[in-house]
Amino acid sequence: MASPKPRPNRLRRTRRTPKESFRLVPLGDSAVTVEFGDDIDPRINARVVTFANTVVTQRWKGILDVVPTHRSVTVYFDALHWKSSTLASRLKKLPCPSSTGISPGGSLHSIPVLYGGEWGPDLTDLAAFAGLTPTETILLHTSVRYRVYMLGFSPGFPYLGLVPERLAMPRLSTPRTKVPAGSVGIADRQTGIYPSSTPGGWRLIGRTPIPLYRKTDSNPFLLKPGELVRFHSIDRDTFDRLAGEYARAND
Amino acid sequence: MNPIRIHVAKPGWLSTVQDLGRYGYQQYGVPVAGAMDHYAAIVANRLVGNRDNAAVLELTLKGPELEFEGDAHIAITGADLSPTIGGKRIPLWESIEVSSGSRLCFGTAQRGTRSYLAISGGIDVPLIHGSRSTHCASETGGFEGRPLRRGDVLLIASRSREVLNSKRLSDQLIPCYEKSVTIRFIPGPQHNLFPATALTTLTSTSYTVTPESNRMGYRLTGPRIVRKGPGHFISDCTTMGALQVPADGHLILLMADRQTTGGYPKIGCVITADLPLAAQLAPGDTISFSPTTMAKAQATLREQRTLLDAALPQRRNFHKD
């Protein structure tokens, strides 16, 4: 690419998805899922995030939660307050976001990662899978501006994409029982960060000293759906220094 | 008025602080949690003059031993875990005065699995993301993000000044917990990913709750449900009562502590009005699934609540929490 800052994930604003409509599917009697497509695609996800914000800004009474995912928004409601059919017709009247003219992403977060070693025990396997050296693997992983498609699995866990095809290694067949907090992993075309120590099956390639979830903070979550992330490689000293700074800030 | 303290002499098998759940943060991956049996939790709160969403204790199968410091007004609902004070059985589904120094003990589970203990004023634990519910897996909310342990001391929020009349829920509104239940569900959202026979399979035989069941969900054994083809399914939102079908074809009924999103298709969702029945099941109990419609599901829930409101009105929200 000729441009100084390659942006492989940048939206092409001139292209529209073939079908710009949405589909309502009930999720039990107290939630409805609004589907925008059937792919993990930045244009679909941009429409999802826009629509979720539209629903939230209606400030309808009896709406409990509005949750964007890769390709759909689920609206949870108090079934004593809303008839499912009434809510469906209200949702259908909201403007259908098109993939043209909407922002390709929110603010960009730069996340430092100490790659390899005990911090990224699967880096060498991933490099072998990709047919690259570990250094080339790191360069490729840090070359992409990723989109936060959604958060799930555990509080603050971001599903980021899309990972270059060459690095799209499937999950471990047997998940680890404990993945350290801050671990950066890869699962197929997605990359993610474990905000807290949990079991997990993603291929671990590094670790960030930055906390993604601070329970008692007034602003507990670092990332929101629709925001952008770029990783950069740091050395051990920088990792230890940053980890120390965040630990002190948390005291 | 001196605050009431509750000293945990024995924690019981799994005793957690719960309200009606943590909504508003699922977009950040924060699970809803909350009481498994909302009906029993709401009734317990109404019996002691609390708001429906006040924090209660959810007690599982083997209840705790609790010592009261200060006079309290309590109610126990849900499963009958043989509660006693001073060796005397105390009734469920009605409000009770407990004097300072009393010890509330629980024995064996007679009927049902989860019991709810409400104390007038509500349990005072910090609000985390707007809720007092405990989600043990993420160590969020409730009492230090975990089940109660021996030696813990629970504080009760200042008791309202109004005089509390003793209240009892009328018999016909008290649910009867059985070992074999019929539970209604709405097919979908992904029932189309399964052959037409899948719904027949689901509804023609009963499923058994396995020991690998907890507040996150129940693994069920019974006839396997198999997808039409391999086809891909992209993770999306889950809900309490969703019937997930993993690749092995063994159903998982998602409950209060479920993760916010999941990568397995959902063949159906249990109706809200029947979730309390599901919440009271234990391993070995069986479920027959019966399909219903959205309109019937919502009408049943409204009817259930109208009857409860007539018998025990919801407390008006005079004071801020």
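How many bridges join strand β13 of chain B to strand β20 of chain B? Select residues 206-213 and 286-291 of chain B: three bridges join these two strands, β13 and β20, and they run antiparallel. A word on terms: helices (H or I, at least four residues) and strands (E, at least two) are DSSP runs, numbered from the N terminus, and two strands pair if DSSP finds at least two bridges between them.

Before you click on, some housekeeping. This is a predicted model, where local features need pLDDT of at least 70, side-chain atom pairs count only at pLDDT 80 or more, and totals for chains, interfaces and linings use all residues. Residues are numbered from 1 along each chain as its sequence is written, while chains are lettered from A and ligands numbered from 1 in the order in which they are written.

Next, colour chain B by domain: 5-172 is domain 1 and 180-306 is domain 2, with bounds from an automatic or database domain assignment. Their C-alpha centres lie 27 Å apart. Domain 1 of chain B gives 20 residues to the contact and domain 2 gives 12, where contact takes C-beta atoms, placed from the backbone, within 7 Å. On the domain 1 side, the elements giving two or more residues are α1 (38-47), β5 (72-80) and β10 (111-119) of chain B.

Still in chain B, pick out the open six-strand sheet, ordered β7-β6-β9-β4-β1-β11 with antiparallel pairing. Its edge strands are β7 (88-89) and β11 (153-155). Zoom in on β6 (83-85) and β9 (103-106) of chain B, which pair over three bridges; Pro83(B) sits opposite Phe106(B).

Finally, hop to chain A for an open sheet of four strands, β1-β2-β4-β3, with antiparallel pairing. β1 (23-26) and β3 (63-68) of chain A are the edges, and the twist averages 20 degrees from one strand to the next. Four bridges link β1(A) to β2(A), residues 31-35, and Val25(A) has Thr33(A) as its bridge partner. Then show helix α2 (84-93) of chain A, which packs on the sheet, touches β1, β2 and β4 (72-77) of chain A, and makes about 30 degrees with the direction of β2(A). Axes are lines fitted to C-alpha atoms, for helices over the stretch in contact, and angles run from 0 to 180 degrees between N-to-C directions.

Definitions and conventions:
Two residues are in contact if their C-beta atoms, placed from the backbone, lie within 7 Å.
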